[in-house]
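Hi,

Here is the structure I promised to pass on to you. Have a look at it first, and then read my notes below.

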Amino acid sequence: MQLINYEEAVHLVMHGEKDGIYIMVPRRMGGMAMEEVRKLAREGALFGIPVVPEPEPQPAQEPGPEPEPAAAPEPGDDSKPAGRRIDTGKILALRKAGWAVKDIAEDMGLSTAAVSNAIWREKKKSESKGGMVNDG
């Protein structure tokens, strides 16, 4: 978690980022009125946003034997298989359609943090390319 000050938190909210900002009370800003947020800031609350570490580059490896395919999950097993890729396109499409992060997470069998991080990463990636992502 990266700590940010009140002004930066307000700036992010004013530019559409609400789901990824937390008040270290701990409470989420998403459903709070700005008056509540201001009051907490006056009381000395800290604000934070998730930090997703950049993956370290892996050294090139010699091709080895092909790994055996993973066993199919048992019927009714909704757990996330190890190494499963997150379908960011689907997350962004559902978010653009007005779905709540919690609902997307439940639908896709992910944590709300994973969904929020995927949205945040795509938004940052788009901003660095000069574009904008509308996450709902």
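**Helix contacts around α5**

In α3, Thr 88, Ile 91, Leu 92 and Arg 95 meet Val 115, Ala 118, Ile 119 and Glu 122 of α5, where contact means heavy atoms within 4.5 Å. Helices here are DSSP runs of H or I with at least four residues, numbered from the N terminus. By class, this contact of α3 with α5 has 5 nonpolar, 2 charged and 1 polar residues. In that scheme Ala, Val, Leu, Ile, Met, Phe, Trp, Tyr, Cys and Pro count as nonpolar, Asp, Glu, Lys and Arg as charged, and the others, Gly among them, as polar.

Before going on, please note that this is a predicted model, with local features needing pLDDT of at least 70 and side-chain atom pairs counting only at pLDDT 80 or more, while totals for chains, interfaces and linings use all residues. Residues are numbered from 1 along each chain as its sequence is written, and side-chain values use heavy atoms, leaving out hydrogens and water.

The axes of α3 (residues 88-96) and α5 come within 10 Å and cross at roughly 90°; axes are lines fitted to C-alpha atoms, for helices over the stretch in contact, with angles from 0 to 180 degrees between N-to-C directions. The two helices are therefore roughly perpendicular to each other (65 to 115 degrees).

For α4 (residues 101-108), the axis comes within 8 Å of that of α5, and the two cross at roughly 110°. That makes α4 roughly perpendicular to α5 as well. Val 101, Lys 102, Ile 104 and Ala 105 in α4 meet Thr 112, Val 115, Ser 116 and Ile 119 in α5. This contact has 5 nonpolar, 2 polar and 1 charged residues.

**The largest pocket**

The largest pocket holds about 180 Å³ of space. A pocket is an open set of points on a 1 Å grid over the protein atoms alone, where a 1.4 Å probe fits, with protein on both sides within 12 Å along at least five of seven lines; lining residues have an atom within 4 Å of a point. Points are joined across faces, edges and corners, and the volume is the space filled by probe spheres set on them. Of the 11 lining residues, His 11, Leu 12, His 15, Lys 124 and Glu 127 are the closest to its centre.

**Tyr 6**

Tyr 6 sits in α1. Its C-alpha atom is 6.7 Å from that of Phe 47, 41 residues apart along the chain.

Best wishes

Methods. Parallel < 35°, antiparallel > 145°, perpendicular 65-115°, else oblique.
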